[in-house]
Structure formats: C-alpha cells, structure tokens
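Dear colleague,

Please find below the structure that I am handing over to you. My notes on it follow directly after.

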Amino acid sequence: MRAESWDAGSEYSYACIVNGEFCGSFSLMAPMEGDGADIGYWLSMPATGKGIATRATKLLIQTAFP
C-alpha cells in the first residue's frame, strides 16, 4: 500500500534512522490537497525527547511546501 500511495501522491512515508538504527516512521499525507497536509509519526521510546520529531517535521514541511 505504501508504494501505491507514494505513486498516487497521497502519502509519503519515511523511515527514521538515527545513528544507523531504525527508531520510527514519519508520513506526509495528502500534501497537495488544499492549503495543507497532515503529518503522522511514531518514535521508539529511546528516541523520544531528543528533538527528532521536531527536525523530521521541519523536513517534511520543506518537502511539501518548497
């Protein structure tokens, strides 16, 4: 389903890798519908509280609205 969503432009999902370790996932959903988009994410407990979600969100916004 992820590949079909990516191809359709309805959702872009990214793995979150920190120091070579998978620690979560971030998605940009419906980026071209209207004036905005939705962001969804999850992080493993050891990755929380380190600013990872903030940095990843900024990157998703830059991707959606260059």
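In these notes, a contact means that heavy atoms lie within 4.5 Å. The model is a predicted one, in which local features need pLDDT of at least 70 and side-chain atom pairs count only at pLDDT 80 or more, while totals for chains, interfaces and linings use all residues. Residues are numbered from 1 along each chain as its sequence is written, and side-chain values use heavy atoms, with hydrogens and water left out.

Overall architecture

The protein has two helices and three strands, arranged along the sequence as α-β-β-β-α. These elements are DSSP runs numbered from the N terminus, with helices being H or I of at least four residues and strands being E of at least two. Of its 66 residues, 27% count as buried; buried means under 20% relative accessible area, exposed over 50%, and partly exposed in between, with a 1.4 Å probe and protein chains only. Among contacts with a separation of 6 or more, 24% join residues 24 or more positions apart.

In soluble globular proteins, nonpolar side chains tend to be buried together. Here the largest nonpolar core has eleven residues: Cys-16, Cys-23, Phe-26, Leu-28, Leu-43, Ala-47, Ile-52, Ala-53, Ala-56, Leu-60 and Ala-64. Two or more of these residues come from each of β2 (21–29) and α2 (52–64), and α2 gives the most, with five residues. Such a core is a set of buried Ala, Val, Leu, Ile, Met, Phe, Trp, Tyr and Cys residues joined through side-chain atoms within 4.5 Å.

Ala-47, a member of this core, sits in the loop between β3 and α2. Ala-47 is buried, at 5% relative accessible area, and touches Cys-23 and Ile-52, leaving aside residues up to four places away in sequence. Its C-alpha atom is separated by 8.5 Å from that of Val-18, 29 residues apart along the chain.

Ser-25, in strand β2, is also buried, with a relative accessible area of 19%. Not counting residues up to four places away in sequence, Ser-25 touches Tyr-14, Cys-16, Gly-40, Tyr-41 and Trp-42.

Aromatic pairs

The structure holds two aromatic pairs. Rings of Phe, Tyr and Trp (its six-membered ring) pair if their centres lie within 6.5 Å; planes under 30 degrees apart count as stacked, over 60 as edge-to-face and the rest as tilted. Phe-22 and Trp-42 are edge-to-face, at 5.7 Å centre to centre with 70 degrees between the planes. Because Phe-22 lies in strand β2 and Trp-42 in strand β3, this pair ties together parts that are 20 residues apart in sequence. Phe-22 is partly exposed at 48% relative accessibility, as is Trp-42 at 44%.

Phe-26 and Tyr-41 are stacked, at 5.1 Å centre to centre with 10 degrees between the planes. This pair links strand β2, which holds Phe-26, to strand β3, which holds Tyr-41, across 15 residues. Phe-26 is buried, with a relative accessible area of 3%.

With kind regards
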